[in-house]
Amino acid sequence: MNSMELSRLEEAAKEIRKKTIDMIGFLGVGHIGGALSIADLLAVLYFREMKVDPAQPRWPERDRLVLSKGHAGPALYSALAMKGFFPEEWLHTLNKGGTNLPSHCDRNKTPGIDMTTGSLGQGISAACGIALANRMDGRDVFTYAIIGDGESNEGQVWEAAMFTAHNRLDRLIAFTDCNKMQIDGVTSEIMNLESFEAKWAAFGWEVERIDGHDLEAIASVIENARARVRPRAGAKERNSASASAEHSTERPPTRPTMIILDTIKGKGAEFCEGQVGSHNMNFDYETAKKAIAALDR
Amino acid sequence: MAAKEMRAVYAETLLELAKEDPRIVVVEADLMKATGTTPFKTAFPERAFDVGVAEANMLGVAAGLAAEGKIPFAATFGCFASRRAFDQFFMSGAYARLPVKLVGTDPGISAAFNGGTHMPFEDIGIMRMVPGIDIVEPSDPVSLQALVRKLAASGKVGYLRLHRKAVDAIYPEGETFELGKGKLLREGKDIVIIALGAIMVPEAIEAAQRLKSEGIEAAVIDAISVKPLDTGLISEWIGKTGAVVTAENHQKMGGLGSALAELIAESELQGCRLTRIGVADEFGEVGTQDWLKKRFGLSAEDIAAAARSLVAGKGKRKQI
């Protein structure tokens, strides 16, 4: 990645953070910590990797994103507004009665949201169904899913893990936002799931673990994951059922990819970075403005 | 149509539908053999998915398929469909406005030898709380075939309470059915019995025959749809008779009888007499279906006794 591209992504990530802090601060309360921890990932996805068209939010040939940790909606709303899916003025309507931007993602309210999420563990299953449907339809698109490390306590995450690997849904690229904190405390004390790499590998996934705030590293692992997948070239896949693919003379689909992102909860906001209490916290607009000014320094 | 396994009718109907509509897909959780959809998988291997013993994921996957325009039929035993994976059905399906079709098999006492752990007496009550859902329990192969097609075409979430065993046809071939509509099976001036499902509708017909021999004319309605309720047909016959017995293979609470009580309490029908035949706040048990029918008071004689008592007391009711 050249330095111009890197600085473009840095600017995008910073802007996602500023908008997220601004929108939650304007309201006075919200899920700031887990939203800021995925800002860098969203910058890479929406400003480099994903094929989307803001003029056609349901364009069939787009890449899909399921934010399974649906409470991080505000960060995604920032990215979508910056891409032009809806006017930036909407951001100050977060969680107000009648808004199109509810705290948790809603596919029926917000242009650019591909799946309704909020009850943890469910989005990753829906991403499986989305990837499956696109394979049936022979589309050369990728489905991205973002889950949390706390969310990974949910059994459904592991039901989806086995399903994805068994069905070789190689066009599903998932991320675990490993910010090491959940509502009641640090994950190592509440419910330790390490090693995440060993668990996902045991379930049959390709696994990468990187610094989730390193834009170049994020882009590089996504591009590597995509490169492992054979092109669909518009043609319907002949052997989509896993059993027949196993015995096909053609190269079988590769494995799904899980990218573990080591992140910091609340990253980039001085008043909440690295704090357990940042999951859903109250802060006033003055605090938000100071944090935004600090990001600009 | 002669007696036929309901699951075979379900599976054959889905297979026919799948040939007509490429959007039809099947998702199962290691009960494909029980549901009878194995021939579907043979015919359309790329459109039938077995997620293994993982009901939550089954409904999440179904929702994702629906998000991409597919029409998924997801099936498992009714106990798991309602109790185990309700949040997935509710949020990823219904709340997301994705037309997931959930099939809960082995309703109530038909779970028989699987016993109390597998005996859903509460699934209708749970499902009635889902805004906008269609809930149907067909009573015979003809209605089942028609209603699977209606559910597929509805564009909404639906819950099909599916009796899997062989039952006799009640309706002639070609009879038409609509979601939200019941069927009047028999006229009668003294009382109306409103029954639900492949076990209770035949019991209600038998009860009406017994009552006739005693000089009581009982109308019988096959409710078919618990939500929406066919308020027009039901109100008409309660109005004509002034007394109603509901009969369901489910808890009295939350099911058809509850829905009738709510309808009556808020309508012009106030003052009519109602007795609900159903399970009285108990858990299921193991046993044969016939034994369980008696154990939980769901037999034709239980329905007839309730009807006799209501008709005998009719003079005491206030006029409606």
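In which sense do strand β10 (residues 191–195) and strand β13 (residues 243–251) of chain B pair, and over how many bridges? They pair in the parallel sense, over 4 bridges. Here a strand is a DSSP run of E with at least two residues, a helix is a run of H or I with at least four, and both are numbered from the N terminus. Two strands count as paired if DSSP finds at least two bridges between them.

A word on the ground rules: this is a predicted model, in which local features need pLDDT of at least 70 and side-chain atom pairs count only at pLDDT 80 or more, while totals for chains, interfaces and linings use all residues. Residues are numbered from 1 along each chain as its sequence is written, chains are lettered from A and ligands numbered from 1 in the order written, and side-chain values use heavy atoms, with hydrogens and water left out.

**The sheet in chain B**

Those two strands belong to an open sheet of 5 strands in chain B, ordered β9-β11-β10-β13-β14, with mixed pairing. At its edges sit β9 (183–186) and β14 (273–279) of chain B, each pairing on one side only. Neighbouring strands are turned by 25° against each other on average, direction ignored; axes are lines fitted to C-alpha atoms (for helices, over the stretch in contact), and angles run from 0 to 180 degrees between N-to-C directions.

Helix α9 (residues 197–213) of chain B packs on this sheet, touching β9, β10, β11 (218–222), β13 and β14 of chain B, and its direction makes about 160° with that of β10(B). Contact means heavy atoms within 4.5 Å.

Helix α10 (residues 231–241) of chain B lies across β9, β10, β11 and β13 of chain B, running at about 150° to β10(B). Which residues of α10(B) are buried? They are B:Leu233, B:Ile234, B:Trp237, B:Ile238 and B:Thr241. Seen down the axis of α10(B), these buried residues fall within an arc of 125°, so they line one face of the helix. The arc is that of the directions from the helix axis to the C-beta atoms. Buried means under 20% relative accessible area, exposed over 50%, and partly exposed in between (1.4 Å probe, protein chains only). The buried residues of α10(B) pack against β9, β10, β11, β13 and α11 (256–265) of chain B.

Most residues other than glycine have a negative phi, and most peptide bonds are trans. A few spots here go the other way. B:Lys227 and B:Pro228 are joined by a cis peptide bond with omega of about -5°, and B:Pro228 is found in the loop between β12 (225–227) and α10 of chain B. Another cis bond joins A:Glu194 and A:Ser195, with omega of about 15°. In chain A, A:Asn95 has a positive phi near 65° and counts as partly exposed at 37% relative accessibility. A:Lys180 has one near 70°, in the loop between β4 (172–178) and β5 (181–182) of chain A.

**Where the chains meet**

The contact takes 28 residues from chain A and 26 residues from chain B. Between them the chains bury about 2100 Å², 58% of it on carbon and sulfur atoms; buried area is the accessible area (1.4 Å probe) that two parts lose on being put together, summed over both. A:Gln122, A:Met136 and A:Glu159 supply 25% of the area that chain A buries against chain B, more than any other three residues.

**Salt bridges**

A salt bridge is a side-chain nitrogen of Lys or Arg within 4 Å of a carboxyl oxygen of Asp or Glu. The whole structure has 53 of them over all chains, and the count between chain A and chain B is 3. Some examples:

| Salt bridge | Closest N and O atoms |
|---|---|
| A:Asp137 with B:Lys70 | 2.6 Å |
| A:Asp137 with A:Arg139 | 3.6 Å |
| A:Glu11 with A:Lys14 | 3.7 Å |

A:Asp137 is partly exposed at 22% relative accessibility, whereas A:Arg139 counts as buried at 16%. A:Glu11 and A:Lys14 both lie in helix α1 (residues 3–27) of chain A, 3 residues apart, about one turn of the helix.
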